[in-house]
Amino acid sequence: NLYDFDPTADLLPVEKLDEVDRFALARYADAAQRMIRAYSEYDFSTVSQTLNTLATVDLSAFYVAVTKDRMYTLGAKSHERRSTQTAMYLMSEGLARLLAPILPVTADQLWQHIPGRRSESVHLEEFPKVESYTDAPLLKTWEVLLGVRETVNAALEQKRKDKVIGTSLGARIVLTASGPVGALLESRRDDLPMLFNVSDVELTAHTAGSSEQDPASAANEVRVEVEKAPGVKCARCWRIVPRVRTEPDCV
């Protein structure tokens with residue numbers, strides 16, 4: 001994902017990254033801080049467990065999956081793609097440093113392949129400084145969004161078992177939510193297809209009184225219906241869309 005990324009020209013300021021990328025960096029920062037504390041206490045099992053959870057749950061199962069479209073189908077120099085590449089670059093460089101004490105050879109090989117000019121060996125470097133990536137309010141917000149995503153994933157899995165859809169991109173989600181969760185989803189309406197990895201989302205949000213409660217603790221109703229997405233499959237992004245252009249892009 002970083003093969004065409006030049007940090008000197010393409011790196012974006014953290015505050016200008018898209019929200020999903022700032023969330024990934026915040027989760028990475030939280031894990032990195034726990035790993036650094038564990039190293040200082042010679043608690044190497046916590047280091048490896050924290051790294052494994054970050055790599056498999058936060059990055060592979062979520063972040064890399066939901067950013068595939070922007071990485072592979074949007075313009076190479078688009079803001080969305082550069083935003084995700086910036087987050088991936090910062091995490092790759094930091095994880096190489098954090099891996100170094102327990103996987104010295106692999107970490108050094110990774111260090112040499114990360115884009116940009118750098119020192120001869122990762123073992124000449126210190127652990128990453130991640131304080132500027134921390135964002136507790138953002139983590140709290142995305143915990144709620146990920147909870148809704150789990151509900152949607154359960155509904156998608158059932159429709160897969162029933163042979164209504166194949167992959168999640170073959171689905172259209174009809175989502176009804178109330179209270180603070182409804183307000184939160186409404187504020188992220190444009191990002192919901194990416195969050196759920198589906199072709200389309202129809203949202204009905206009942207947000208009356210939504211500012212009075214915490215979405216993470218309030219009892220809010222979320223109802224999910226899964227339909228087969230109407231339209232044609234785009235060969236580039238694999239989403240089901242109303243129509244596909246046939247003329248070549250002249251840009």
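**Legends: a pocket and its surroundings**

**View 1. Helix H4 at the second largest pocket.** With 3 residues, H4 gives the most to the lining of the second largest pocket. The model is predicted: local features need pLDDT of at least 70, side-chain atom pairs count only at pLDDT 80 or more, and totals for chains, interfaces and linings use all residues. Residues are numbered from 1 along each chain as its sequence is written, and side-chain values use heavy atoms, with hydrogens and water left out. Helix H3 (44–66) and helix H4 (68–72) each supply at least two lining residues.

**View 2. The centre of the second largest pocket.** This pocket has a volume of about 280 Å³. Its lining has 15 residues, and the closest to the centre are Lys68, Asp69, Leu169, Asn197 and Cys237. A pocket is an open set of points on a 1 Å grid over the protein atoms alone, where a 1.4 Å probe fits, with protein on both sides within 12 Å along at least five of seven lines; lining residues have an atom within 4 Å of a point. The volume is the space filled by probe spheres set on the points.

View 3. The protein has 9 helices and 5 strands (DSSP runs of at least four residues, H or I, and at least two, E, numbered from the N terminus). Along the sequence their order is α-α-α-α-α-α-α-β-α-α-β-β-β-β.

**View 4. Buried residues.** Of the 251 residues in the protein, 43% are buried (under 20% relative accessible area, 1.4 Å probe, protein chains only).

Conventions:
Buried means under 20% relative accessible area, exposed over 50%, partly exposed in between (1.4 Å probe, protein chains only).
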